[in-house]
Amino acid sequence: MAQYDLVIVGSGPGGYVAAIRAAQWGLKTAVVEKDGFLGGTCLHVGCIPTKVLLHHSEIFEHLQNAAEYGFEVKDVKVNWVNVLARKDRIVKKHAKGIEGLFKKHKIEAITGWGRIAGPGRVAVEKDGKTTEIEAKNIMLATGSEARSLPGVEIDGKTIVSNREILSLPEIPKSLVVVGAGAVGVEFASIYKTFGTDVTILEMLPRIVPLEDEEISAELDKVFRKKGVKIHTEAKVESVKKDAKGATVTFKDKDGRTQTVAAEKVLIAAGRKPNTENLGLEKTKAKVERGFVHAGPYLETDEPRLYAIGDIVAGLPQLAHAASMEGIIAAGKMAGKPVPPIDRNRIPNATYCEPQIGSIGVTEKQAKDAGMKVKVGKFPFIGNSKASILGSHGGFIKVVADEKYGEVLGVHIIGPLATEIIAEAVTAIQLEGTVDDMMFTVHAHPTVWEAMGDAFNAVRGLSINV
Ligand SMILES: Cc1cc2nc3c(=O)[nH]c(=O)nc-3n(C[C@H](O)[C@H](O)[C@H](O)COP(=O)(O)OP(=O)(O)OC[C@H]3O[C@@H](n4cnc5c(N)ncnc54)[C@H](O)[C@@H]3O)c2cc1C
């Protein structure tokens with residue numbers, strides 16, 4: 001029986017990153033992956049393909065607005081087949097890249113369905129045959145799948161999930177997006193820009209409901225201005241296919257029944273953890289509603305069994321969270337000094353147009369928790385690079401401790417929000433104060449320098465507004 005220091009089940013951004021770090025620490029590592037390629041949801045049907053399509057939609061928008069930049073561009077047409085082909089090329093290139101990294105680090109990739117067979121044993125099933133491998137440590141990194149609504153069947157053609165919507169044969173004329181979290185608003189953004197008539201149905205009172213309330217309000221305003229129809233507090237009751245596509249019936253916020261018909265319906269109503277048929281029932285690991293409970297080093301209640309990524313209870317379902325969890329768990333099992341995972345130090349990035357980047361507490365969360373905070377806000381209208389880019393909507397909002405000025409939360413909506421949030425992440429990671437950040441020199445002209453103005457805003461000292 002093959003023996004390893006670590007066997008990881010799942011090769012997404014949690015599993016593959018953990019494998020490389022474990023190998024760097026000298027652990028003999030294998031990764032079991034059910035699909036015939038490495039990279040998981042993120043690379044194949046998540047982060048990467050969506051960002052390719054978003055980038056293409058932005059280029060299309062620039063070309064349509066070419067006159068604004070002094071260019072005469074006529075008859076801009078989308079060649080959808082070529083757009084999809086470029087997306088697939090990028091995905092394939094990076095999947096090959098992971099294969100190369102595995103070779104470099106002597107990590108064994110084993111294709112098949114992985115399952116805990118007993119303490120220190122993983123069973124791998126492929127083509128009806130099961131083999132067992134021995135593992136000093138086991139790490140589950142099996143990720144998540146789209147969750148549907150009760151009574152709604154995702155048929156993959158008319159009613160689609162994040163998987164199928166990435167390869168639609170044509171740009172749909174109309175689309176209903178059920179769910180306005182990150183996945184929902186990103187697809188709404190992509191297809192609206194490509195000319196689709198988009199309607200968003202969100203059950204909660206606001207879109208991007210996990211973000212600061214002012215961020216939700218700003219995105220709502222911009223989306224409506226672009227012509228996206230939005231219904232919040234909308235409770236979907238049924239989705240029925242018909243000759244032209246599908247009809248969605250929902251109760252609106254006033255309790256009235258409404259219907260909306262569209263060529264395609266995207267169900268983006270959350271992700272369910274892949275924890276069935278993994279042998280978890282044979283372990284002491286605590287599983288609740290499918291999510292695995294893990295400690296600060298991603299250890300479960302079963303000795304030498306770790307869980308990382310989208311399957312972990314109470315942590316965000318994000319690629320960079322999965323990767324850091326894998327790095328921490330690998331370091332822990334290799335006996336290296338690693339910090340515990342801190343939920344408040346994990347940024348959120350939503351790549352719709354306008355982009356959203358955020359980290360830490362929102363103003364409301366801070367106030368609800370009885371924290372005494374000061375808030376500063378800086379609008380991108382005062383930032384010269386944002387004007388050059390032709391994108392000066394939105395703002396940066398900083399939530400800081402009232403007494404010491406420690407940066408507790410930063411919420412950005414506007415140009416390059418998912419990039420410039422980096423400074424806030426570092427500030428929070430290093431427990432910086434707004435006063436430290438006010439004397440941090442920001443290069444000019446950059447969108448990033450708006451961060452300097454936002455930190456100054458907490459003390460009422462912004463320069464450019
Ligand atoms: C449309 C969309 C866009 C997204 N965009 C972003 C983004 O921009 N940024 C971001 O941070 N996050 C984004 N996410 C979330 C991100 O994709 C996930 O948080 C991330 O992929 C989770 O990583 P993971 O390693 O836990 O699992 P996954 O990436 O889901 O990988 C799990 C792997 O395990 C394999 N597997 C499952 N069960 C078994 C088994 N029993 N045996 C063997 N193999 C198994 C699967 O085949 C898969 O390859 C997006 C998600 C979606 C759906």
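Analyst: Helices (H or I, at least four residues) and strands (E, at least two) are DSSP runs, numbered from the N terminus. This is a predicted model: local features need pLDDT of at least 70, side-chain atom pairs count only at pLDDT 80 or more, and totals for chains, interfaces and linings use all residues. Residues are numbered from 1 along each chain as its sequence is written, and side-chain values use heavy atoms, leaving out hydrogens and water.

Start at Asp212. The loop that holds Asp212 runs between strand S10 (197–201) and helix H6 (213–226). Asp212 is buried, at a relative accessible area of 2% (buried is under 20%, exposed over 50%, partly exposed in between; 1.4 Å probe, protein chains only). Leaving aside residues up to four places away in sequence, Asp212 touches Arg206, Thr362, Glu363, Lys397 and His411 (contact means heavy atoms within 4.5 Å).

Now the cysteines. Cys352 is buried too, with a relative accessible area of 0%. The sulfur of Cys352 lies 15 Å from the closest cysteine sulfur, in Cys47, so a bond is out of reach. The count is 0 disulfides (a disulfide is a pair of cysteine sulfur atoms within 2.5 Å). Cys42 is buried as well, at 15% relative accessible area.

Last, two helices. In H1 (residues 15–24), Tyr16, Ala19 and Ile20 meet Ile98, Leu101 and Phe102 of H4. By class, this H1 and H4 contact has 6 nonpolar, no polar and no charged residues (Ala, Val, Leu, Ile, Met, Phe, Trp, Tyr, Cys and Pro count as nonpolar, Asp, Glu, Lys and Arg as charged, the others, Gly among them, as polar).
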